[in-house]
Amino acid sequence: MKTSIRDMALAALFASLTAAGAYIKIPLPYIPLTMQCFFCLFSGILLGSKLGLISQVIYVLTGLVGIPIFTNGGGPQYIFQPTFGYIIGFAVGAYVTGKVFETLKKVSIKNILVSSLSGLACIYLLGLPYMYLIYNLYLDKAKSFQWVFYWGFLTCIGGDLLSSIILALTARRIIPVLKSAGLIKHI
C-alpha cells in the first residue's frame with residue numbers, strides 16, 4: 001500500500017482525535033465513557049480499513065512510548081491496565097469498521113451504522129476478556145465474568161451506541177462533501 005503525505009496526515013489527525021477523545025469523558029466506575037470509540041470508528045469510515053487501522057496503531061504506539069494520551073496516562077506499563085484491551089480493540093475496530101463499510105459500498109445511515117457497530121463489537125470482544133484476565137491473573141483481584149460484563153459492557157454500551165448513531169448521522173452528511181473534494185477514495 002503506497003501511503004501519500006495526505007494519507008499520513010489523515011492518519012495522524014485521527015490518532016490525535018482519538019487521543020483528544022480520551023479526555024472527553026463521563027467518569028464511571030472502572031471504565032469511563034469517552035469519545036475514543038467515536039473517533040476510532042469514524043477513522044474506519046472516513047479513512048478506510050487500512051488507513052483507519054494505521055491511525056489507531058499510531059495512537060496505541062504513541063501512548064505506549066510514554067506520551068499520556070490514554071485515559072489514565074501512558075507508557076509501556078499501561079498494558080497492565082484492565083482497560084488496555086479496549087485500546088487494542090480500537091485498532092481492530094477501526095479496521096473492521098472500514099472493511100465492512102468498503103464491502104457495503106453504499107453511503108447510507110444504515111450501512112454506516114452496521115459498519116460502526118461491527119467495529120464496536122470488536123472493541124468489546126477484545127476489551128472484556130482482557131479486563132477479566134488482568135483483574136484475575138495480574139492484579140489478583142478476583143472478579144467474575146458477570147462483574148466484568150456489567151462494568152465493562154452494560155455500563156458503557158448505551159453511550160457507545162448513542163455515539164455510533166451520531167457518527168452515522170454525521171458521516172452520512174460529511175462523506176459526500178469529502179468525496180466530491182477528492183479526500184475519500186476508498187468508497
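Predicted model: local features only at pLDDT ≥ 70, side-chain atom pairs only at ≥ 80, totals over all residues.

Analyst: Let's start with the pair of helices, α5 and α6. Helix α5 covers residues 109-138 and helix α6 covers residues 145-180, and the two pack with their axes 9 Å apart at an angle of about 155°. Angles over 145 degrees count as roughly antiparallel, so α5 is roughly antiparallel to α6. As for handedness, α5 and α6 cross in a right-handed way. The residues that make up the contact of α5 with α6 split into 24 nonpolar, 3 polar and 2 charged.

Past the end of that pair, A181 sits in the segment after α6. A181 is exposed, at 55% relative accessible area. Going from A181 back to F149 takes 32 residues in sequence, and the C-alpha atoms of A181 and F149 are 43 Å apart in space.

Now the cysteines. The structure has 0 disulfides, and a bond would need two cysteine sulfur atoms within 2.5 Å. Take C156: its closest cysteine sulfur belongs to C37, and because that is 8.6 Å away, the gap is too far for a bond. C37, in turn, has its closest cysteine sulfur in C40, at 6.3 Å, so that pair is too far for a bond as well. Both C156 and C37 are tucked away from the surface: C156 is buried with a relative accessible area of 4%, and C37 is buried with 8%.

Note on methods
Residues numbered from 1 in each chain as written. Heavy atoms only, no water. Buried < 20%, exposed > 50% of the residue type's maximum accessible area, 1.4 Å probe, protein only. Axes fitted to C-alpha atoms, helices over the stretch in contact; angles between N-to-C directions. Helix = DSSP H or I, 4+ residues; strand = E, 2+ residues; numbered from the N terminus. Parallel < 35°, antiparallel > 145°, perpendicular 65-115°, else oblique. Left-handed = near helix turned anticlockwise from the far one by under 90°. Nonpolar A, V, L, I, M, F, W, Y, C, P; charged D, E, K, R; others polar.
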